[in-house]
Amino acid sequence: MNFQNTLQFAQEKDQQDSLKEFRNEFIFTEDNNGKSQLYFCGNSLGLQPKSAKAALENELQDWAKWGVEGHFHGRKPWFHYHKFLTDFTAEVVGAKPVEVVVMNQLTVNLHLLMASFYRPQNGRYKIIMEAGAFPSDMYAVESQVRFHGYNYDEAVIELKPRDGEHTLRTEDILEAIENNKNEIALVFFSGVQYYTGQLFDIQTITKKAHEIGALAGFDLAHAAGNAELKLHDWEVDFAAWCSYKYLNSGPGNVSGVYIHEKHCTNPETPRFSGWWGYREDKRFLMQRGYQPEPGAAGWQMSNAPVFGMAVHLASLELFHKAGIHNLRAKSIQLTNYLEFILTEVQKNNPKLKFEIITPNDSNQRGAQLSLLVLENGKDIFDHLTQNNIIADWREPNVIRIAPTPMYNSFEDVFQLGQVLYQY
Ligand SMILES: Cc1ncc(COP(=O)(O)O)c(C=O)c1O
């Protein structure tokens, strides 16, 4: 694709964009003077869909009208509320409906999944993961291995990029798995690395994990709604993600869970249980002896947090309408355009000294580019913010910029470049 650093080119691209109308479905943030901002922070907290408010209000109204009877008589009965989200969730991550459920929050779900799928035995007790994983993942893994009587250094293999490189090579991941093939119980990676923006080769990593007799699980916080995933076909064992980044469902909102059919339809798969995962037809009989609902739904513990899930459902409807395949196709172009604009700007403004540490191959990245800024990083970031460009800053020296295909335009990217010229 021959890109051009002109407003006309960006606007033409927007005209040709079959998803351009989705921008109007979102509320853009404003500065103190009411001026709309350019939002590039969907990798951290996505914008609010306009439909979120009505979705939430419907549930408040049903609660007001029905009280406890809303569990059965509401417009979307709360008794099986999670089912309204199942099909759309399965679409987003490339799973069968039976393999997914929305419940709890991300770190909680990672623990629940590790309770099921990190079970050291027969000399296999190690977890292999990327060094510098998101802190919550590190803490979750640390507490899991300690829970099983190991310490972090003996049980966790952290993979670092080669000297002078910023991201991991797939071949190095595979080699490390092979080198520890009799001791690894769990291969646990993110889908998209939060700091570098690297999209891991989930299929290849999963295949290698299985080859050595281990299981493969993924934290898809930065991949869900961003990359095109085929979790079932890739035979991923388990995954979880949050709904507030690319999935635009609001701060701290519920998490999605995927468990491969071969595990989730087996009632013997060990798990921590609660009443909401109990067989739905018998849930209110209040009997002894746990009988799980078939599928990932059998991992639910508590009753559905309906207000959060209502907002998430409103957002998932937009993903269903737009289509994850179409979003990804646009995303590749938009991120490539951002890379082009950043490179142009850097050529012309010697004050901008940064390196893009996200891989330049589209197959190895999602919507985010991470700029390792070599001089005045925080100052450049503040310049963006003062000019109404919302990106995010990660210590010690990275600016993350994520043009999300759902609501960002080529013109947004062009305008970001104009602001950087002025630095
Ligand atoms: C990769 C990753 N894992 C885990 C978390 C923690 O999510 P939660 O606070 O919903 O448990 C985050 C939050 O941003 C994240 O980015």
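User: Is L56 buried, partly exposed or exposed, and why?

Analyst: Buried means under 20% relative accessible area, exposed over 50%, and partly exposed in between (1.4 Å probe, protein chains only). L56 has a relative accessible area of 30%, so L56 is partly exposed. L56 is found in helix 2; helices (H or I, at least four residues) and strands (E, at least two) are DSSP runs, numbered from the N terminus. This is a predicted model, where local features need pLDDT of at least 70, side-chain atom pairs count only at pLDDT 80 or more, and totals for chains, interfaces and linings use all residues. Residues are numbered from 1 along each chain as its sequence is written, and side-chain values use heavy atoms, with hydrogens and water left out.

User: Where do nonpolar side chains tend to be in soluble globular proteins?

Analyst: They tend to be buried together. A nonpolar core is a set of buried Ala, Val, Leu, Ile, Met, Phe, Trp, Tyr and Cys residues joined through side-chain atoms within 4.5 Å. Here, the largest one has 66 residues, and L231 and W241 touch the most other members. Helix 11 (residues 306-322) gives this core its largest share, nine residues. A second, separate core of 32 residues includes L106, M129, L186 and W299.

User: Why is strand 5 largely enclosed by the rest of the structure?

Analyst: Five of the five residues of strand 5 (residues 126-130) are buried, so the strand is largely enclosed.

User: Which strands does strand 5 pair with?

Analyst: Two strands pair if DSSP finds at least two bridges between them. Strand 5 pairs in the parallel sense with strand 7 (residues 184-190) over three bridges, and I127 stands opposite L186 there. Strand 5 also pairs in the parallel sense with strand 6 (residues 156-159), over four bridges, with I128 opposite I157.
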